[in-house]
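Please open the structure in your viewer and keep the selection panel at hand.

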Amino acid sequence: MKKLLTTTVMAASLSALTLTGCTSTTSTGAVGVDRQQLLLVSSEQVLQLSAESYNKSIKAARAKGVLDTNAAQLNRLKGIANRLVSQVNVYRPDAAKWNWEVHTIKSNDLNAFVMPGGKVMFYTGIIDRLNLSDDEIAAIMGHEMAHALREHSRERLSRDYATQTGIGVAASVFGLSQGQAQLAGLAGDLGLSRPHSRTQEAEADQIGLELMARAGYNPQAAVTLWQKMQRASQGEPPQFLSTHPASSNRIAQLQSLMPKVVPLYQKARR
């Protein structure tokens, strides 16, 4: 019986990998992002979890009096976001219909993120301390939007769920119904807050660069941004860089993509 159960679980796992794992959340775009992703958790589950987390952050910041304290800065970010969002259909048309939100938290931290479903948050420190231009803000925002478009949190949560449950892949065949509580715990601890992988970071760099270029922001600003982040990371790395600090390799990769994205920028500026 035990052998039969093991065989059944393995077969279900292979089936789940075949049906669920071999997919990509976005089109390839001009930069050519084309990787199959393991997605065991549904978009709806991740959107619900991320919305709860985002709303909790909003509520806590409002209670502390640090939410959206600079109207001019908030409007500046919303204007940049609107231009970037107008280009997301290149990668996935449904994202243009997401309920995009933009907020700021008054904090000296160098941090920014875009949660699944288009929930944008900028800490004022990353703008003020680095004296960012609109182009450099677009580089950060485009990078973070790319994580949301590619559903990197969903992908990471799916891998964590499969690893933590042992039979997580097989459980996906049955709708994950027995793992909801554990899934929520993983989402809070691993899926939504943990740093992205090197592969995901590279994809976000690529997609973000294309988004900003198509929106009429100079893609070269992505290079100056990461140079500023490098200088700011001397000593204790800022949270935004976490385990993946800006490096000469990262900047070199951005530079190598310029022939693909500069023509898009030039076209947008005409």
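Helices, here runs of at least four residues assigned by DSSP, and strands, runs of at least two, are numbered from the N terminus. The model is a predicted one.

**First stop: a loop residue.** Select Asp68, which is found in the loop between helix H2 (43-64) and H3. Asp68 is not a glycine, yet its phi is positive, at about 50 degrees. Most residues other than glycine have a negative phi. Is Asp68 buried, partly exposed or exposed? Its relative accessible area is 23%; because buried means under 20% and exposed over 50%, Asp68 counts as partly exposed.

**Second stop: another loop.** Move to Asn131, placed in the loop between helix H4 (124-128) and H5. Asn131 also has a positive phi, near 50 degrees, and is a residue other than glycine. With a relative accessibility of 60%, Asn131 counts as exposed.

Now select the three strands, which form an open sheet in the order E1-E3-E2 with mixed pairing. At its edges lie strand E1 (101-105) and strand E2 (112-115), each of which pairs on one side only. On average, neighbouring strands of this sheet are turned by 15 degrees against each other, direction ignored. Strand E3 (residues 119-123) pairs with E1 in the parallel sense, over five bridges. To see a bridge in detail, select His103, whose partner in E3 is Met121.

**Last stop: where the helices meet.** Keep H3 and H5 on display. Two packed helices are described by the angle between their axes and the distance between the axes. What are these values for H3 and H5? The two helices pack at an angle of about 55 degrees, and their axes are 10 Å apart. H3 is therefore oblique to H5. Their crossing is right-handed.

To view the contact itself, select Arg76, Leu77, Ile80, Ala81, Leu84 and Val85 in H3, which meet Asp134, Ile137, Ala138, Met141, Gly142 and Met145 in H5. The residues of this contact comprise nine nonpolar, one polar and two charged.

Methods: Residues numbered from 1 in each chain as written. Predicted model: local features only at pLDDT ≥ 70, side-chain atom pairs only at ≥ 80, totals over all residues. Heavy atoms only, no water. Pairing = 2+ DSSP bridges. Axes fitted to C-alpha atoms, helices over the stretch in contact; angles between N-to-C directions. Buried < 20%, exposed > 50% of the residue type's maximum accessible area, 1.4 Å probe, protein only. Parallel < 35°, antiparallel > 145°, perpendicular 65-115°, else oblique. Left-handed = near helix turned anticlockwise from the far one by under 90°. Contact = heavy atoms within 4.5 Å. Nonpolar A, V, L, I, M, F, W, Y, C, P; charged D, E, K, R; others polar.
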